[in-house]
Amino acid sequence: MSNTPMAANPLTRAVLEIDEYVSGLGWDQPARLFALVDTARLRAQEPALAAQLGLEEEQESAGLTPIEQDEIPAGKPLDEFLATIAWPDAVAGCALTVERLMLPPSAEAAVPEGLNEKKLAEWVAEHPDRQEVRMTVAVLRDGTRESALRLREKDTPTEVLTGGDLVPGLAEALSATFED
């Protein structure tokens, strides 16, 4: 992706590349799952696929290539779907992008007691301080994590927040896909 900002490490670059790709599709998109493969290994072991992905000319040897997976089944809870995934050894990591409504920490004290998941989602959707956010979370087999958050109201590449611990629950769920 030509517009992806340079980042300090391959995982951050992969997360920003996925964020850029998904942002080009617009908002109100389904969750998307990506396998992360070592670019040099992909070029060596699958040259035809690397050529199809436009990687044969890349100079960088220490990168990760995101490969989008089949669609996540509609209507199946994300945690249940992730529990069904097992990755082959060639996959170095995985990433997921998902849109959610979020509230600022100041709103936590106002959450009504005893709401089930559906009622809580309705309450958040109606809250005046809610914000739509796209989260891209990636993990490697060794436990390394990275995330990118993009607010719908600040939908520009320069307003994307990155960090390893921004969405810890989702990172844990993705890490579990590599456990035996």
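Start with strands β4 (residues 131-140) and β5 (residues 145-151): they run antiparallel and are joined by seven bridges. Keep in mind throughout that this is a predicted model. For a spot check on that pairing, pick A138 and you'll find E146 of β5 opposite.

Now widen the selection to the whole sheet. Six strands make up an open sheet, ordered β2-β1-β3-β4-β5-β6, with antiparallel pairing. Look at the edges: β2 (64-68) and β6 (161-163) each have a single partner strand, so one side of each has no neighbour in the sheet. On average, neighbouring strands are turned by 20 degrees against each other, ignoring direction.

Next, bring in the helices. Helix α1 (residues 10-23) packs on this sheet and touches β1 (32-38), β2, β3 (93-102), β4, β5 and β6, with its direction at about 30 degrees to that of β5. Then show helix α6 (residues 168-176), which lies across β1, β3, β4 and β5 and runs at about 35 degrees to β4.

Time for the side chains. The largest nonpolar core has 27 residues, and the ones touching the most other members are L33, I72, L82, W87, L96, L170 and L174. Colour by element and you'll see that β1, α4 (78-82), β3, β4 and α6 each give two or more residues to this core. β4 gives the most, with four. Click on L170: leaving out residues up to four places away in sequence, L170 touches L82, L96, V98 and V137. Apart from this core lies another one of 14 residues, including A14, F34, L64 and A138.

Which aromatic rings pair up? There are two such pairs. Select Y21 and F34 first: their planes are at 90 degrees and the ring centres 6.1 Å apart, so this pair is edge-to-face. Y21 sits in helix α1 and F34 in strand β1, so the pair ties together parts 13 residues apart in sequence. Y21 is partly exposed, at 29% relative accessible area, while F34 is buried, at 3%.

Then jump to W87 and F178, a stacked pair with 6.2 Å centre to centre and 25 degrees between the planes. Here the link spans distant parts of the chain: W87 is in the loop between α4 and β3, F178 in the segment after α6, 91 residues apart. W87 counts as buried at 12% relative accessibility, and F178 is buried with a relative accessible area of 12%.

Last stop: select W27 and R134. R134 lies over the face of W27, 4.1 Å from the ring centre.

Conventions: Residues numbered from 1 in each chain as written. Predicted model: local features only at pLDDT ≥ 70, side-chain atom pairs only at ≥ 80, totals over all residues. Heavy atoms only, no water. Pairing = 2+ DSSP bridges. Axes fitted to C-alpha atoms, helices over the stretch in contact; angles between N-to-C directions. Contact = heavy atoms within 4.5 Å. Core = buried A, V, L, I, M, F, W, Y, C linked by side-chain atoms within 4.5 Å. Buried < 20%, exposed > 50% of the residue type's maximum accessible area, 1.4 Å probe, protein only. Phe/Tyr/Trp six-rings, centres within 6.5 Å; stacked < 30°, edge-to-face > 60°. Lys NZ or Arg CZ within 6 Å of the ring centre and 35° of its normal.
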